[in-house]
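I opened my notebook for another model today. Here is what I looked up, entry by entry.

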Amino acid sequence: MDFLKYLKSVGIPILFLLFLFLLDPYSSAIKTGYLMIPTLLLFRGRTFFYNIDKDIIIIFAFTATYSMFTYFGENRGMQYLIVQATFPMFFYALGKMMITPNLSNKKIISLILFIGFIYSISSLLSILTNLASGGLGQTDRLIPSFWTGEGESSTKVASYLIYNSIIPAIVVANRKRFGILTKLILIAIFAISLVASFRLGSRTLIAISFVSLFASFAYIMYKQSLLDNFKLVVATLSLLIFIYLFVPINWDSPIFSTLGHRLQSSSGSESTATAGNRTGLWADGLKNLFQHPLGWKYHSFHHNLWLDIPREATIVPLLFFLINNVLCYSSIKKAFKLSGGDIGFNVTILLFFLSTLLLFFTEPVIEGNFFSIVVYCLFYGILRGYVINKEKEMGIES
């Protein structure tokens, strides 16, 4: 009953369109996003205008200036201008609307985990279908889409799995909150995503998973009692010993075909040491940022959102995006203070944004998968909605 009440409070048509946008069947995300805008205005127009704040203005300034500067670029035009300029701010507003009064921390955790999972489904279906037809012994890094059959780059497909890669860290942080069934479901999703990442040969996903685990453990141990830390360390060491003794890892196994091929190739070690040869791209981008703040030509992406933005569209949209980053950091700090010392909630919020920023730092998302920025704005809206509701509950003035 509570679930149905929540659906009605946000708007069933709105949530249905969000589901389709995240699932993206038959590459329908753009069409669904177009439908989302009038639907939001029709069903929640007054709430939308009420939710216009400095954050939505900064987001619009970032996306609008970027879109205007790239309007005449390759494969650009009016549709790109509309999509890039409007989708992020509307999805930010939607995120704020999704946090209704009295929504518990546990329900918010479940909500964002569910969003992350729906966002990954099409990629998982594509990879599992590919494995079913071609087996594990494949090294091709083009994955046929489950919906259309068209080949998609492994980098793009992997970007949809980032929120599944942080599940172990979230389970550890919420181990007292989740029941056995919930833990098993989440670990199963992670296990399937891990196999998918091996098929993609994605070192980025594996790195994000390890970094998120490290960050989670560091925060938990800083906040927990000494006894709880001792129990956590013993349980973790026991699990690692069990894996070492009974789960041998063989890089020649078919399950590691793509990843093993990338790591064991003649350039694999050098590529891994340089973050997939990204360090050189970052160094060139940083140099060009100061030498050519109005944009520059380059032979490839810089695999870094903060460098690819000014390369294409000058330093102007970058400045607005940096302001957004500062505001996001400030909101995360506020959420930590307002959560009442809820370690599980704090770690979940931290990891969703940390994994997103790691993706932005290592992949060409502005041109490779713009919708990852839209989803970031959705999560940012959820974060702002939580902070605003909590401040109202406690009588704190923003």
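I am working with a predicted model, where local features need pLDDT of at least 70, side-chain atom pairs count only at pLDDT 80 or more, and totals for chains, interfaces and linings use all residues. Residues are numbered from 1 along each chain as its sequence is written, and side-chain values use heavy atoms, leaving out hydrogens and water.

**Entry: salt bridges**

I took a salt bridge to be a side-chain nitrogen of Lys or Arg within 4 Å of a carboxyl oxygen of Asp or Glu. The count by this rule is nine.

I began with Glu 393, which bridges to Lys 390 with the closest N and O atoms 3.8 Å apart. Both sit in helix α20 (residues 371-394), three residues apart, about one turn of the helix. For helices I use DSSP runs of H or I with at least four residues, and for strands runs of E with at least two, numbered from the N terminus. Glu 393 counts as partly exposed because its relative accessibility is 48%, whereas Lys 390, at 18%, is buried.

Next I looked at the loop between α9 and α10, where Arg 177 lies. Arg 177 meets Asp 342 at 2.5 Å between the closest N and O atoms. Asp 342 is in the loop between α17 and α18, so this pair ties together parts that are 165 residues apart in sequence. Arg 177 is partly exposed at 23%, and Asp 342 is buried at 15%.

Lys 176 forms a salt bridge with Asp 228 (3.7 Å, N to O). That pair links the loop between α9 (167-173) and α10 (180-200) to helix α12, 52 residues apart. With 67% relative accessibility, Lys 176 counts as exposed; Asp 228 is partly exposed at 22%.

**Entry: aromatic pairs**

My rule here: rings of Phe, Tyr and Trp (its six-membered ring) pair if their centres lie within 6.5 Å, with planes under 30 degrees apart stacked, over 60 edge-to-face and the rest tilted. I found 26 pairs in the whole structure. Tyr 219 and Phe 336 have ring centres 5.6 Å apart and planes at 55 degrees, so I logged the pair as tilted. They connect helix α11 (residues 203-223) with helix α17 (residues 315-338), 117 residues apart.

Which kind of pair do Trp 306 and Phe 360 form? The answer is edge-to-face, at 6.4 Å centre to centre and 65 degrees between the planes. Trp 306 is in helix α16 (residues 305-313) and Phe 360 in helix α18 (residues 343-362), so parts 54 residues apart in sequence are tied together. Both residues are buried. They also belong to a cluster linked by ring pairs, whose members include Phe 62, Tyr 92 and Trp 282.

**Entry: helix α5**

I checked the length of α5 (residues 78-98). Of the 21 residues in α5, 16 are buried.

Technical notes
Buried < 20%, exposed > 50% of the residue type's maximum accessible area, 1.4 Å probe, protein only.
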